[in-house]
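Subject: Structure handover

Hello,

Here is the structure I promised. Please open it alongside this note; my findings follow below.

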2 protein chains.
Amino acid sequence: MSKEMPYKIYLSEDEIPKYWYNVRADMKTDHSPMLHPGTLKPMTVDDMTPIFCTELARQELNATDRFIPIPEEVRNFYKMYRPSPVVRAYFLEKALGTPAKIFYKYEGGNTSGSHKLNSAIAQAYYAKEQGLKGVTTETGAGQWGTALSMACGYFGLDCKVFMVKCSAEQKPYRKAVMETYGATVVPSPSDTTEVGRKILAEFPGSTGSLGTAISEAVEKAVSSDGYRYVLGSVLNQVILHQTIIGQEAKAALEKVDIYPDIVIGCAGGGSNLGGLMAPFMADKLAGKKAPHFIAVEPASCPSLTRGRFAYDFCDTGKVTPLAKMYTLGSGFIPSPSHAGGLRYHGMSPILSELYHDGCLDEARAVEQTQVFEAAELFARVEGLLPAPESSHAIRVAIDEALKCKETGEEKSILFGLTGTGYFDLAAYTAYNNGTMTDYIPSDEDLERGFACIPKLPGIQD
Amino acid sequence: MSKEMPYKIYLSEDEIPKYWYNVRADMKTDHSPMLHPGTLKPMTVDDMTPIFCTELARQELNATDRFIPIPEEVRNFYKMYRPSPVVRAYFLEKALGTPAKIFYKYEGGNTSGSHKLNSAIAQAYYAKEQGLKGVTTETGAGQWGTALSMACGYFGLDCKVFMVKCSAEQKPYRKAVMETYGATVVPSPSDTTEVGRKILAEFPGSTGSLGTAISEAVEKAVSSDGYRYVLGSVLNQVILHQTIIGQEAKAALEKVDIYPDIVIGCAGGGSNLGGLMAPFMADKLAGKKAPHFIAVEPASCPSLTRGRFAYDFCDTGKVTPLAKMYTLGSGFIPSPSHAGGLRYHGMSPILSELYHDGCLDEARAVEQTQVFEAAELFARVEGLLPAPESSHAIRVAIDEALKCKETGEEKSILFGLTGTGYFDLAAYTAYNNGTMTDYIPSDEDLERGFACIPKLPGIQD
């Protein structure tokens, strides 16, 4: 085992980035603008402020400022759990017998258990600065809801989380953590919104969906005085905040003279991969040497690998603006895959554009049992129980490292380990018991989803 | 907020201690020897080797070597998750408005979720070195079983965990983690041992106890070829391994010119507090300036504050050697307090002797609802969800910091934060719902326990 490099590469607290990096400022083609669902005109800050915090609406539309200063209070909060380490996966390399160097950026070490906190604390800060009473949001797997609850607890903001009903029932402890941080958790669909009541009247036994929970959270925000809606992925502002991951990773690797050959991230809405790859993408966009970027998605919800690049709604209820993105259609119903955080029909407009332009080199869809096989190997040799979402990246990192074993190449592989698997033990149990199954949607399943993509006269047919 | 000191004080991996520190070498009075339950003579290495790994039996009886080298393979494993940080609790200080400086040594950042891994990996290493097939153990709350499963998974050792039946049922996810690491989890009492079958015949509905699980694990080890029994607390060897906590804490605080005025740890079997305070205790035993040491135990299981200093069995089945310790009697039945890791009738012989001699200055018993009040405040302001066990130390750290607020003293307080609360969310839910109760045993309850303390002719009456 090589001794020249430590296992964990830490930056000092002074080295926590002072700016978020806005990759849009460097993109050759900016993504197509979000459209107002009524007028089909590009959204303006004024269109957005009834829903979003004002500063966050500005960040959402900001395509020109390369660096956005991180507010002092947010940086102080970051110091509670950042810089997060880049870990050299020596034990995994040894277990695989690969000449590749494998590194992972670990974002699960904070109490919320995932990278979501990086954006949650920023969004809560701007809500507080604006003098709001609170925020609303939705959560599926629970990572985002937990992170936002922590952030709101810290700033003394009220936090209403619409949690997909089946998740709330399957993961009572996720609910308990959010409540410990002072949040109100409402199983969705609920009778607290118009949208929810309508759905319950039509489908009394509905167990909910992320799309419905978004619709409820948006309605609650716009109908409550002093509240705004916040979202943990997909949006530009979220990718922006998550660039702290990539900036730290790049700086840490520079300390040990490593520039990665491959950068791998799981991709649901795209916030983690977007944040991890952004500063490396800057190199590529500047025409310099850059890594090969791989987005990993579940075969059960393959928006990049099998979706369409089109304008679509971000929610099932079709109340949100339209975004140009890779989408399976807002009516696509993902199978009950355990990687709840990756069950989203669309993909960040930034990542979608980068993929469309060939800058994000590759997307790969992997099946769940392969993912858990990788997760369990990783847990045993690296001592860290990964979240199912993160394990998609582990799967592909292992596959790439095994290719290096065949070719003898000593590539440096960096992947994002976004969260812990502490709250996903029902899934691990299913895998251990052999009751976990794979699911790949048929072409007919996909066509049913695509049928929900709106036709927009003059924009898309 | 002071800026002179970082939030997290890290050592480099090179600074991971190379030796465990054996506090017995410096104690003015060594603890009374463990006695063979048959002969009532002091246990020898030969007496112990049928039950324990040979090297661990030697460590158990070693009262003279001040420093025991940490094997290279164990140090490499430590590098996966160590050095663990000392964190300056700036946010807690601010919330309390105290002039005190509060520091905590955080041991919950590894996947097993607690400090138990420090000893588990050492014990698994020696078992592997001895060429054993596997080890047996018991677990109550599950922290030790999880840590040992991880350690055995790493070395490819078989691991049989007897888990108190009610815990196995209440905490299915703890069981799932252990199984993910390849361990076999047997709810205790079970029909796989004589002891278990006897108890099940007598009490078919028994939900188990730690004492019974110990008896089963010991029986399974001595009756299986190539197996030994391992234990996660109480024993000298465990305190020895856990001194890595205190050594790292002391070295980290020296980097910021801090010598703590108060050192606080929760105490169930004593491994965490013993390990945290050992290098500071060395100062005291050498007649130098030393902190005020406080052991915190649950009011429901008050071995130091209300127990007797006497020879007693370590298990309910009375198959283990006798140890001189503070004990509530091996037949004492702790209330179903949520801090499962602190529900033990006895206390480490080393800590017991140090407390008896006045070197461990103070023991304090705290009630569960006060503990969760502190835990919740801590979780909200410091962003870290603590285990109920650890939260006993948080309670007293807060109490001491509030005293400083009254007196204006700028004391430096160090406490051990031993684990995460991820697996204790049922307890948090009970606290949030207002259904959590306190329990203080009556004098009659204690007398019933004391009646089980054996009379040993010529040794104790």
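Which residues are buried in H15(A)? They are Gln368(A), Val371(A), Phe372(A), Ala374(A), Ala375(A), Glu376(A), Phe378(A), Ala379(A), Val381(A) and Glu382(A). Keep in mind that this is a predicted model.

The length of H15(A) also checks out. After the helix comes Gly383(A), with a positive phi near 75°.

Now the interface. On chain A, 44 residues are in contact with 44 residues of chain B. Together the two chains bury about 3,900 Å². Carbon and sulfur atoms account for 57% of that area.

Two salt bridges cross between chain A and chain B. One of them joins the side chains of Glu13(A) and Lys8(B), at 3.1 Å from N to O. Polar contacts across this interface link 23 residue pairs, with both residues at pLDDT 80 or more.

Which elements of chain A give two or more residues to the side that touches chain B? They are helix H3 (72-81), helix H6 (143-155), helix H8 (172-180), helix H15 (368-382) and helix H17 (425-433). H3(A) gives the most, with six residues. By residue type, this side of chain A divides into 23 nonpolar, 11 polar and 10 charged.

Two single residues are worth a look on your screen.

Start with Asn110(A). It sits in the loop between strand S5 (101-106) and helix H5 (117-129) of chain A. Its relative accessibility is 4%, so Asn110(A) counts as buried. The side chain of Asn110(A) makes a polar contact with that of Ser112(A), at 2.6 Å. Beyond its neighbours within four places in sequence, Asn110(A) is in contact with Tyr81(A), Leu117(A) and, from the other chain, Tyr422(B).

Then go to Met178(A), in helix H8 of chain A. Is Met178(A) buried or exposed? Buried, because its relative accessible area is 0%. What does Met178(A) touch, not counting residues up to four places away in sequence? Its contacts are Thr139(A), Gly142(A), Gly145(A), Thr146(A), Ser149(A), Val161(A), Met163(A), Ala183(A) and Val185(A). As for Gly265(A), its C-alpha is 26 Å from that of Met178(A), and 87 residues separate the two in sequence.

Best wishes

Terms used. Residues numbered from 1 in each chain as written. Chains lettered and ligands numbered in written order. Predicted model: local features only at pLDDT ≥ 70, side-chain atom pairs only at ≥ 80, totals over all residues. Heavy atoms only, no water. Contact = heavy atoms within 4.5 Å. Buried area = accessible area lost by both parts, 1.4 Å probe. Salt bridge = Lys/Arg side-chain N within 4 Å of Asp/Glu carboxyl O. Polar contact = N/O pair within 3.5 Å; in protein donor to acceptor, adjacent residues only side chain to side chain. Helix = DSSP H or I, 4+ residues; strand = E, 2+ residues; numbered from the N terminus. Nonpolar A, V, L, I, M, F, W, Y, C, P; charged D, E, K, R; others polar. Buried < 20%, exposed > 50% of the residue type's maximum accessible area, 1.4 Å probe, protein only.
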